[in-house]
Amino acid sequence: MRARGDRIGFLAVPGLAFLAVIYALPLVLLLFRAAQIDGQVSFAEYRLFFTDQYNLNVLWRTLRVAFLTTLLALIIAYPTAIAMARARGIWLSLFLVAMVLPMSVGVVVKAFAWSILFRTRGVLNDILMSLGITEMPIRMLFTETALIIGAANVFLPFMVLPIYAVMRTMDGRLPEAAVTLGAGPYFRFFHVTLPLSLPGVVAGCAFVFSLAISMYVIPSLIVGEQQQTLSMMIARSFLYLRNEALGATISSVLLIIAVAVVLGSSLLAARLGGQR
Amino acid sequence: MLQPAHSETGSDRYLEVVGVGKAFRGTKVMSDLDFRVGQGELVSLLGPSGCGKTTLLRIVAGLTSADRGDVLLDGRAITNVPAHRRNISVVFQNYALFPHLSVAENVAFGLRARGQAKDTTGPSVREALNLVRMADFADRRVSALSGGQQQRVAVARALIVEPVLLLLDEPFSALDRKLRETMQVELKALLRDRDMTAIFVTHDQDEAMGVSDRIAVMNAGRIEQFAAPSTLYAQPETAFVMDFVGLSTRLAGKVTDVAEGELRIETAYGTLRGTGTVPVGARVTLGVRPELIQPQEGENTLEVTLADAMVLGSKTQLHGVAQDNDRLLCEVPGIRTGLARGTRLRFGWSVADTLVYEAEG
């Protein structure tokens, strides 16, 4: 059995080789680029990056946008996941199609769609003005709020699906047991449903946060160049400034944050999962 | 011994289920069902799967709402009281313990749900765990417990809130046979000590007989008979009850003559006698409990070819060769050997022990 198990491991070789050549190798080269000056190992580039207030502002904005996007996605996704977990038959199919189909629409298309909704004479402003809520169009496009709403929309399936998957496998008698023990709806939610769904919540948050922290197309189309994020800075360093060292430095900062999120969330998920 | 006009129901009325009807997606599960339980009684709902026993339990608990009818507790209608305000505890099949909580936290759940502060539940939890001899396991995770231990925790969790009624849905089905018997004795004693009114749902007749004062045998959404285990066994009111509770010799037949209350019934194995008020020409089901049959001539006698002799230790079962849905079974005490397959022998029993039911349809 053991020999056979070892041989089955070889099935992973093509995938690993592909990742090694296409992903890992360039990444290593990139990290080296950021940590050397004139062939010497140096962290001067990092020192330079972290002493510039503008860079820190961009870093802070990127983290803030990613955090708020994750939060908004979670608030919208959680009730959706509950409804999906209880849905049966045609309703469940409708929910799943509604979740998966938008993923097949390019992110550029979705970002453009939001810019049409948000712009000065866009759909949202027309509605607000015709309802008399505002006299003048509100500036929505090119704001952080618009970015967060747009990003939460694009990444929503990545939050809904993990939470739904956990809720679907939850033993339906647990909430019933809570009811017969005298638990009202709130107690039931906060002491049974929510704790049991936490592994899904952690996974969904990790997905959305790592996607949101590294998004490029959505902020480019919704907020543009005035409010940069780390990804936009990376693109600008490589494409316009031709400053590969700066681009590599920002890339590794972003990478470290992403790795920290992934590791942290899997540790958390393992701890939560270990309780059952 | 005929189809009863209505089933016997309990005299004292602690829990009353009156005229309850329920349909799922247009399919009628039960209609106009009455069921009464006295205070401190241990009662079982016994029946095959799909007979409506779990639905009835869920209606009493408030987990399923009835389409029609009322549920009363101590004279007060609770039909519209939500489940979490009924104070009726349920021990679920497979126990439904909370996997994210420890044993002690599981047991404390009911108190916490009623608003009791976390740091004041300790003494009650300890007492409840002592009751089920699980005090040493308070800090364990529930997934680390065996089936029997999980059941004890589920019972402690259900009893700590001092419920007005305890419902148990197939509580022993996940346990192996030895443990099941021990837990039945233990749980029954525990419930008696606390004068708890409890309803067990089960499809296992031994379990129902072991734990209950009275058993309601259910079939197709109706209660066929509600009586003490001994009555159910000795005087089953319907052929279904006779079949479902205990073993029996069971034969299809036809009434050919009635004389002075005694019936002559023609079967595939000969003419037999019984009592009852079935008209001539009616198709009947005839039954006898196997231990009332002697392997010798009696008032009723059948010539039987032995199909198998099963030695079960305290008794030996003699199975005769029978056709269709008939069954020929005689139980003799102790160990009988030397009875080979194919042996011709006689099954004999008295007319008074013969149960006769008019066949349906």
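Leaving aside neighbours within four places in sequence, which residues is Leu167(B) in contact with? The partners are Leu57(B), Val60(B), Ala61(B), Ile88(B), Val90(B) and Ile199(B). Please keep in mind while reading on that this is a predicted model.

## Around Leu167(B)

Strand E7 (residues 165-169) of chain B is joined to strand E8 (residues 198-202) of chain B by 4 bridges, and the two run parallel.

E7 and E8 belong to an open sheet of 6 strands in chain B, ordered E6-E7-E8-E3-E9-E10, with mixed pairing. E6 and strand E10 (222-227) of chain B stand at the edges; each has a single partner strand, so one side of each is left without a neighbour in the sheet. On average, neighbouring strands of this sheet are turned by 20° against each other, direction ignored.

Leu167(B) and Ile199(B) turn up again in the largest nonpolar core, which has 109 residues. Both are listed there with the residues that have the most contacts inside the core, together with Val60(B), Val107(B), Ala156(B), Ala216(B) and Val217(B). H2(B) supplies the largest share of this core, 7 residues. Apart from it lies another core, of 53 residues, among them Phe118(A), Val202(A), Phe207(A) and Ile250(A). As general background, nonpolar side chains tend to be buried together in soluble globular proteins.

## A second sheet, and chain B as a whole

Chain B has another open sheet to look at, made of 5 strands in the order E13-E12-E11-E14-E19, with antiparallel pairing. Its edge strands are strand E13 (270-275) and strand E19 (355-358) of chain B, each of which pairs on one side only. Here the twist averages 40° from one strand to the next. Strand E12 (residues 262-267) of chain B is joined to E13(B) by 6 bridges, and these strands run antiparallel. One pair of facing residues is Glu262(B), which stands opposite Thr275(B) in E13(B).

Stepping back, chain B contains 8 helices and 19 strands. Its C-alpha atoms fill a box of roughly 75 × 50 × 35 Å, taken along the principal axes. Of its 361 residues, 43% count as buried. Among contacts in chain B with a separation of 6 or more, 66% come from residues 24 or more positions apart.

## Where chain A meets chain B

The contact takes 18 residues from chain A and 21 residues from chain B. On the side of chain A that touches chain B, the elements giving two or more residues are H9 and H10 of chain A. H9(A) provides the largest share of that side, 7 residues. By type, the residues of this side divide into 10 nonpolar, 4 polar and 4 charged.

Helix H9 (residues 173-180) of chain A has Ala177(A), Ala178(A), Val179(A) and Thr180(A) as its buried residues. These pack against helix H10 (185-213) of chain A, and also against helix H1 (53-61), strand E6 (88-91) and helix H2 (103-113) of chain B. Just after H9(A), Gly182(A) takes a positive phi of about 95°.

Not counting residues up to four places away in sequence, Arg157(B) touches Leu181(A), along with Asn106(B), Val107(B), Phe109(B) and Gly110(B). The C-alpha atoms of Arg157(B) and Gln116(B), 41 residues apart along the chain, are separated by 15 Å.

Is each of the residues below buried or exposed? The table gives their C-beta neighbour counts.

| Residue | C-beta neighbours within 10 Å | Class |
|---|---|---|
| Ala96(B) | 23 neighbours | buried |
| Arg242(A) | 9 neighbours | exposed |

Two of these residues also deserve a look at their backbone angles. Ala96(B), in the loop between E6 and H2 of chain B, has a positive phi of about 50° although it is not a glycine. Arg242(A) has a phi near 55°, a positive value in a residue other than glycine, and its place is in the loop between helix H12 (230-239) and helix H13 (244-274) of chain A.

Technical notes:
Residues are numbered from 1 along each chain as its sequence is written. Chains are lettered from A and ligands numbered from 1 in the order in which they are written. This is a predicted model: local features need pLDDT of at least 70, side-chain atom pairs count only at pLDDT 80 or more; totals for chains, interfaces and linings use all residues. A residue is buried if 20 or more other C-beta atoms lie within 10 Å of its own, exposed if 12 or fewer, and partly exposed in between; C-beta atoms are placed from the backbone. Two residues are in contact if their C-beta atoms, placed from the backbone, lie within 7 Å. Two strands pair if DSSP finds at least two bridges between them. Axes are lines fitted to C-alpha atoms, for helices over the stretch in contact, and angles run from 0 to 180 degrees between N-to-C directions. Ala, Val, Leu, Ile, Met, Phe, Trp, Tyr, Cys and Pro count as nonpolar, Asp, Glu, Lys and Arg as charged, and the others, Gly among them, as polar. A nonpolar core is a set of buried Ala, Val, Leu, Ile, Met, Phe, Trp, Tyr and Cys residues joined through C-beta atoms within 7 Å.
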